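Hi everyone, thanks for coming. I'd like to walk you through a few packing details, so please take a moment with the sequence and the model.

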Amino acid sequence: MSTYRIRPIQQLNRSAKRKSKILLAIIAALLALGVVFGVMAMVSVFGMILSDQEEATGVDGVGVNIGDIQISKIGEGQIPKEYIEIYKAAGEKYNIPWTLIAAIHRVETNFGQDLNTSSVGAIGHTQFMVKTWVGWSYPGGTRLGDAAISKDVLMNPAMIKKYGGFGVDGDGDGKADPYNVTDAMYSTANYLAANGGASGNYQKAVFAYNHATWYVSRVMGFMNAFSSGSVEAVSIKGGSAKGSTAIEKAIQVGSSIVGKSPYVWGGGRNQSDIAARKFDCSSYVRWAYSSAGVDLGPVSATTTDTLIKRGKVVKASEMKRGDVIFFDTYKINGHVAIYLGDGKFLNDSSSQGVSIGDLNNTYWKSKFNGNVRRVV
């Protein structure tokens with residue numbers, strides 16, 4: 001956007017000045033509106049890595065022992081067997097859980113059953129924008145990442161390296177083809193790894209793939225459903241000693257919807273919302289403990305303001321598994337979670353829904369206010 005210098009208008013009479021100011025206000029409003037719509041158009045398009053302080057900075061993860069991930073009964077019934085070794089090989093190369101790659105493939109094209117080009121120009125098994133595949137330094141194209149790129153450039157590993165794209169020649173045939181399932185899975189793993197996945201920030205990586213919280217929840221939900229084994233990114237097992245029966249029951253119930261329940265402001269305050277698993281942070285904590293027989297307040301009126309008065313005060317240095325912890329987000333004590341031990345906590349955040357957070361994450365570390373309540 002250009003910045004224009006407005007000439008002095010001292011020579012204008014008051015009426016002219018007033019009209020000029022009105023005109024300038026209208027121009028500024030139109031320019032601002034154009035920016036807003038431009039941003040809205042870009043936010044949810046895969047491949048556009050945007051700075052999103054409210055959504056992305058609070059997402060972190062912990063790494064996975066890739067070799068321990070086994071396929072679940074659900075995975076056995078849904079994942080095409082011929083793709084499993086491809087997912088595993090791509091995951092091992094880029095340090096990404098193979099079931100996460102499978103989940104992306106499932107959500108994007110139902111394991112390759114729908115390879116039509118999307119309405120915005122995304123292509124192939126995992127729906128890459130062509131400029132994300134070949135590189136955003138490639139000249140031309142739309143701001144969404146669509147471009148008229150010939151196949152001899154799009155699928156050429158040398159051109160992809162030149163322009164900084166994520167396309168990969170996974171099967172070693174000299175081409176990086178988004179319609180080749182091996183190339184597509186290697187490229188997907190490459191993209192996830194580059195956006196936080198290689199260090200265990202799986203939800204952040206998926207959020208970069210598509211800037212939509214519902215998409216993150218859907219992908220993580222399939223990943224969980226396909227996995228049986230040590231997928232620590234969504235595990236509640238920390239190094240701390242187990243809590244009481246009620247604490248472990250609350251954590252078990254709460255963790256049962258990790259990656260499956262998007263955040264709903266004001267949700268969880270009637271039986272219909274509870275049945276649909278629609279919560280915000282405080283109603284989620286209340287529901288988890290209520291399921292374990294612990295009353296933290298009425299369904300319709302439990303908030304962070306009421307939870308901060310429950311139980312007894314505990315020093316942050318002495319908090320244990322099952323304690324309720326608070327963060328200063330949009331206000332003091334604006335967010336609440338259940339501590340799991342080893343710096344991890346179970347929560348329902350506005351960016352990720354029900355998920356596992358980490359107090360060592362830069363965002364959460366800056367928001368944790370040290371308020372801890374022992375409710376059991």
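Let's begin with strand β4, residues 324-327, which is covered on both faces: V324 and F326 are buried on one side, I325 and F327 on the other. Buried here means under 20% relative accessible area, exposed is over 50%, and partly exposed lies in between, with a 1.4 Å probe and protein chains only. Helices (H or I, at least four residues) and strands (E, at least two) are DSSP runs, numbered from the N terminus.

A word on the source: this is a predicted model, where local features need pLDDT of at least 70 and side-chain atom pairs count only at pLDDT 80 or more, while totals for chains, interfaces and linings use all residues. Residues are numbered from 1 along each chain as its sequence is written, and side-chain values use heavy atoms, leaving out hydrogens and water.

Now, which strands does β4 pair with? Pairing requires at least two bridges found by DSSP between two strands. β4 runs antiparallel to β5, joined by 4 bridges, and V324 has I338 of β5 as its bridge partner. β4 is also antiparallel to β8, residues 368-374, through 3 bridges, with I325 opposite V372.

On to the helices. In α12, residues 245-255, the buried set is A246, I247, E248, A250, I251, V253 and G254. Those residues pack against α14, β5, β6 and β7, contact being heavy atoms within 4.5 Å.

Finally, α4, residues 81-94, has buried residues including Y83, Y87 and Y94. Its buried residues pack against β1, α5 and α9. Just after α4, N95 adopts a positive phi of about 60°.
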